[in-house]
Amino acid sequence: HGNKAIFKTIFDELISNAIFYNKQNGMVTIKISYTGEKYKFELIDTGEGIKKEELSKIFDQFYRGQYALALNQKGAGLGLYMVKSLVQSYGGTITVNSEEGEGSKFTILIPAY
């Protein structure tokens, strides 16, 4: 029972980032599952990945990693901050696992009320 516009915003941001920062001919995979208690959404890309020292900062307001700065001059560093805030407004969590040069996996867990 979520607001369709909010969930559209969350997934538009994550998917557009996965495409924009992906490698040429890369892939984006979306996995959705339901455990009875939580909805799990995984977004996996084959992009450039995120530097280890930047992982703890990517959800910070106005933060932009070196790779993001080099590829997208217009970004404001608000997209992932907004995604995290919206996910948390539903009592959920978002995490990221990434290896530089290998891609990233964003995982969202939202309680099923």
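Which strand gives the largest share of the nonpolar patch? The close-ups below, all taken from a predicted model, begin with that patch.

**View 1. A nonpolar patch on the surface, built from I19, V28, I30 and I32.** Strand β1, which covers residues 28-34, supplies the largest share, with three residues. I19, by contrast, sits in helix α1 (residues 4-20). With a relative accessible area of 55%, I19 is exposed.

**View 2. The hairpin of β1 and β2.** Take a look at how these two strands run: they pair in the antiparallel sense, over seven bridges. Three residues lie between the strands of the hairpin, and here G36 takes a positive phi near 100 degrees.

**View 3. The largest nonpolar core, a set of 20 residues.** I10, L14, F106 and I108 are the members that touch the most others. In soluble globular proteins, nonpolar side chains tend to be buried together. If you centre on I10 and set aside its neighbours within four places in sequence, you will find contacts with V83, L86, V87 and I108.

**View 4. A salt bridge between D12 and K8.** This pair belongs to the three salt bridges found in a search of the whole structure. The closest N and O atoms of D12 and K8 are 2.7 Å apart. Both residues are in helix α1; because they are four residues apart there, about one helical turn separates them. D12 is partly exposed, at a relative accessible area of 39%.

**View 5. A network of salt bridges linking K40, E42 and K105.** Start with K40 and E42, whose side chains meet at 4.0 Å, N to O. Then follow E42 to K105, where the closest N and O atoms are 3.3 Å apart. K105 lies in strand β4 and E42 in strand β2, so this pair ties together parts that are 63 residues apart in sequence. K40 is partly exposed at 29%, and K105 is partly exposed at 28%.

Notes. Residues are numbered from 1 along each chain as its sequence is written. This is a predicted model: local features need pLDDT of at least 70, side-chain atom pairs count only at pLDDT 80 or more; totals for chains, interfaces and linings use all residues. Side-chain values use heavy atoms; hydrogens and water are left out. Patches are made of residues with over 30% relative accessible area and no salt bridge: like charges are joined within 9 Å, nonpolar side chains (Val, Leu, Ile, Met, Phe, Trp, Tyr) within 5 Å. Accessible areas come from the Shrake-Rupley method with a 1.4 Å probe; for residues, only the protein chains shown count as cover. Buried means under 20% relative accessible area, exposed over 50%, partly exposed in between (1.4 Å probe, protein chains only). A nonpolar core is a set of buried Ala, Val, Leu, Ile, Met, Phe, Trp, Tyr and Cys residues joined through side-chain atoms within 4.5 Å. Contact means heavy atoms within 4.5 Å. Two strands pair if DSSP finds at least two bridges between them.
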